[in-house]
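Subject: Structure for you to look at

Hello,

Here is the structure I said I would pass on. My notes on what was found follow below it.

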Amino acid sequence: MNRSDTVQEAAAPRGLVSSRTAEVFRRHPSNPILTVDDLEYRANSVFNPAAAIVGGETILLLRVEDRRGFSHFTAARSADGLSGWRIDPEPTLMPSPETHPEEIWGIEDPRITYLEEQKRWVIAYTAFSRGGPLVSLAATEDFKSFERLGAVMTPEDKDAALFPERIGGRWALIHRPVPAGALSLGAHIWISFSPDLKHWGDHEILLRARQGGWWDANKIGLSPPPLKTDEGWLICYHGVRTTAAGCLYRLGLALLDLEDPRKVIRRSSEWVFAPRESYERAGDVSDVVFPCGWTLVDGEIRMYYGCADTSIGLATANLSDLLDWLRAHDSPYPV
Ligand code: BMA
């Protein structure tokens, strides 16, 4: 055991005391806010949505899994981001294996970032290729037509999102490759840089999966895209705990340095959100909460998340409460 392990384990009682207090995220009373029955066409499930504010409206890009098992994206729009969802009657973005063979088995888990410099949104998503899942990018100005920028990371790699602005003159992408030795080495969150969104390099580990008994041991991945705050880039990530009954997907927070996001300023010891309600605990893949998007409206974070790979939930929190919570639950780094 090294010194940092000892320090973290010694800090455990503070976490136990605080876990008796109210949860920082509040579930929306109409959860799940969207299910497959809200679609106008037949499919298996809707989950893991991306989110963006576009022309004052909230757009969710739903991952829709069809009854072959392949996924595509369908847009849902709402004036207040809470209710009155208008869903495209047909798929909005289908896989295109004819032009992009890496999309042969579908496209999954979109994350949307608005690039002010390009005046358009760029979506990072998982393309399910014959060689395994990889990271692709597509750009749009209206969520009706899309320009594919192609595959940017080789398999196995997923859980990717762009930062909204260049950092030190380059674009930055967070993603999660799975190394051949993942069982013993762990699957960690990485960051890479590019001058043009096409050629990526200077890859390095950004956040390590913890080890042993931790909730985020062995496998972690980014959830929604990084969010710029006064204190740093706020990121929300999932930790995958393997148990005798399967996997448990829970969410934690971290804060990255604004100027150099390779520097982790804070990381939560506890998870901040976890499966609790029946629609999160039971479904096609039980015990999963999986957000791919969040919006910030009047100081309130709205986190849209997949529930048990079956439906979509909404949980909200004040941004300042989240930052306070992270300060109070910070744990020493590196793990
Ligand atoms: C992850 C991703 C998600 C999915 C989760 C739980 O690996 O593939 O799309 O929600 O597993 O099944």
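Thr295 has Arg302 in β20 as its bridge partner. Keep in mind while reading that this is a predicted model. The bridge belongs to the pairing of β19 with strand β20 (residues 300-307), which is antiparallel and runs over eight bridges. Both strands are part of an open sheet of four, in the order β1-β21-β20-β19, with antiparallel pairing. At the edges of this sheet stand β1 (26-27) and β19 (289-297); each has a single partner strand, so one side of each is left without a neighbour in the sheet.

Next, strand β3. Buried here means under 20% relative accessible area.

With strand β2 (residues 45-54), β3 runs antiparallel, and eight bridges join the two. One of the positions to look up is Ala51, whose bridge partner in β3 is Leu60. The hairpin of β2 and β3 has two residues between the strands, and Gly55 in this hairpin takes a positive phi near 55°.

With strand β4 (residues 71-78), β3 also pairs in the antiparallel sense, over eight bridges. Here Ile59 stands opposite Arg77 in β4. The hairpin of β3 and β4 has five residues between the strands, and Gly69 takes a positive phi near 105° there.

Now the ligand. Which residues are around it? They are Asn48, Arg63, Asp109, Lys158, Tyr249, Val285, Val288, Phe290 and Asp309. Sorted by class, this shell has four nonpolar, one polar and four charged residues.

- Asn48: an N or O atom of the side chain is 2.9 Å from a ligand oxygen.
- Asp109: an N or O atom of the side chain is 2.5 Å from a ligand oxygen.
- Asp309: a polar side-chain atom lies 2.6 Å from a ligand oxygen.

Taken alone, the ligand exposes 310 Å², and the protein buries 85% of that.

Last, the aromatic rings. The structure holds 12 aromatic pairs. In one of them, Tyr114 and Trp121, the ring centres are 4.7 Å apart and the planes stand at 55°, so the pair is tilted. Tyr114 counts as partly exposed because its relative accessibility is 28%, whereas Trp121 counts as buried at 12%.

In another pair, Phe143 and Phe146, the ring centres are 6.4 Å apart and the planes stand at 80°, so this pair is edge-to-face. Phe143 is buried, with a relative accessible area of 0%. Phe146 is also buried, with a relative accessible area of 18%. Ring pairs link Tyr114, Trp121, Phe143 and Phe146 into a cluster.

Regards

Conventions: Residues are numbered from 1 along each chain as its sequence is written. This is a predicted model: local features need pLDDT of at least 70, side-chain atom pairs count only at pLDDT 80 or more; totals for chains, interfaces and linings use all residues. Side-chain values use heavy atoms; hydrogens and water are left out. Two strands pair if DSSP finds at least two bridges between them. A residue is near a molecule or strand if one of its heavy atoms lies within 4 Å of it. A polar contact is a pair of N or O atoms within 3.5 Å; within protein, one must be able to donate a hydrogen and the other to accept it, and residues adjacent in sequence count only if both atoms are side-chain atoms. Accessible areas come from the Shrake-Rupley method with a 1.4 Å probe; for residues, only the protein chains shown count as cover. Ala, Val, Leu, Ile, Met, Phe, Trp, Tyr, Cys and Pro count as nonpolar, Asp, Glu, Lys and Arg as charged, and the others, Gly among them, as polar. Rings of Phe, Tyr and Trp (its six-membered ring) pair if their centres lie within 6.5 Å; planes under 30 degrees apart count as stacked, over 60 as edge-to-face and the rest as tilted. Buried means under 20% relative accessible area, exposed over 50%, partly exposed in between (1.4 Å probe, protein chains only).
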